[in-house]
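Morning, everyone. Please take a look at the model on the screen.

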Amino acid sequence: MSTTAHHAARTPGRGSDIARQVAVISAVVFMIIAAMVGTGLLGGTNVRDVQGGALDADSTVLAPGSQAFSIWSVIYLFMIGYAIWQALPSQRARDRQRMAGWWIALTAVLNGGWLLAAQFTTLIVTVIAIVALLAALAWTFRLLVRSRPQSIGDRLLMDATVGLHLGWVSLATVANITAWLSRTVPESWGAQADIWGVVVLVLVAAVGVGIAAFSRGRPSPIIALSWGLAWVAIARSSDQPQSTPVAVAAVVVIVVVVAAAIVSAWRANGREHRGILHRSRTRTA
């Protein structure tokens, strides 16, 4: 077998690469259309008003303030930027695009699917949809962390895009599940809302520390998670339902996850620096 034929046998065909690029664009377009429906621009009901207001900013003690949801505009801009960038001929056959492109497309589809589920189905379906979205984002982020970025485009339009999406959806999943539980558990449980809210935030802290450690301190998921937590703290200290314990816990969690990211990044940089010195000494020995 010739070298050219052997390379072709190992490399996916050009058609599959173009299919992936088209799939990413289509998925992001679907997500944007679903977002327009979810905000009422295309005749739908604003997400804050669907499901009897269960997903609004004042529905539970773990719901972030309404201003927190402006992060979606940032995530959508990053996703649009990625869709355009990955469609360039120079990105078509790159291994990193082949590895993560289909998964990023799936996250866009699941994102739009959650919005449509909120509009037209039930709360439990929204829980299933957002858990599926979280799982897809976690897997995509895992793939990207294990593949070193090779350009600014990689860092901004792949790693940061998925990281921001993952960080925000991590908190949004908690809020969504809490909203569903608030409509299904006995009303007497409401008396312990503060306690359960703090317990759940401890779990959020564990998730944030885990993300920071695994990603070696990549900032994008921590920024998005901290943004949401900050608005949980603001909403619970200034809006109904008020909860000082939850507000304080949210601030503490921000400090913990940011500190974990800083320490993880410092350790990773230290290991990389020591590795460079070791290789340099090996070459000169």
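One definition before we start: buried means under 20% relative accessible area, exposed means over 50%, and partly exposed is in between. Keep in mind that this is a predicted model.

Take F69. Its relative accessibility is 30%, so F69 counts as partly exposed. Now W168. Here the relative accessible area is 1%, so W168 is buried.

How do we describe two rings together? We use the distance of the centres and the angle of the planes. A search of the whole structure finds six aromatic pairs. In one of them, the ring centres of F69 and W168 are 5.6 Å apart and the planes stand at 85°, so this pair is edge-to-face. Where do the two residues sit? F69 is in the loop between α2 and α3, while W168 is in helix α6, so the pair ties together parts 99 residues apart in sequence.

Next pair: W72 and Y76. Their ring centres are 5.6 Å apart and their planes are at 20°, so these rings are stacked. Both residues lie in helix α3. They are four residues apart, about one turn of the helix. Buried or exposed? W72 and Y76 are both buried.

Now put the four together. F69, W72, Y76 and W168 are linked by ring pairs into a cluster.

Last stop, the surface. I25, V29, I33, M36, L41 and L42 make a nonpolar patch of about 540 Å². Look at I25, in helix α2. At 36% relative accessibility, I25 counts as partly exposed.

That's my tour. Thanks.

Technical notes
Residues numbered from 1 in each chain as written. Predicted model: local features only at pLDDT ≥ 70, side-chain atom pairs only at ≥ 80, totals over all residues. Heavy atoms only, no water. Patch = residues over 30% accessible without salt bridge, like charges linked within 9 Å, V, L, I, M, F, W, Y side chains within 5 Å. Areas by Shrake-Rupley, 256 points an atom, 1.4 Å probe, with all protein chains shown as cover. Salt bridge = Lys/Arg side-chain N within 4 Å of Asp/Glu carboxyl O. Helix = DSSP H or I, 4+ residues; strand = E, 2+ residues; numbered from the N terminus. Buried < 20%, exposed > 50% of the residue type's maximum accessible area, 1.4 Å probe, protein only. Phe/Tyr/Trp six-rings, centres within 6.5 Å; stacked < 30°, edge-to-face > 60°.
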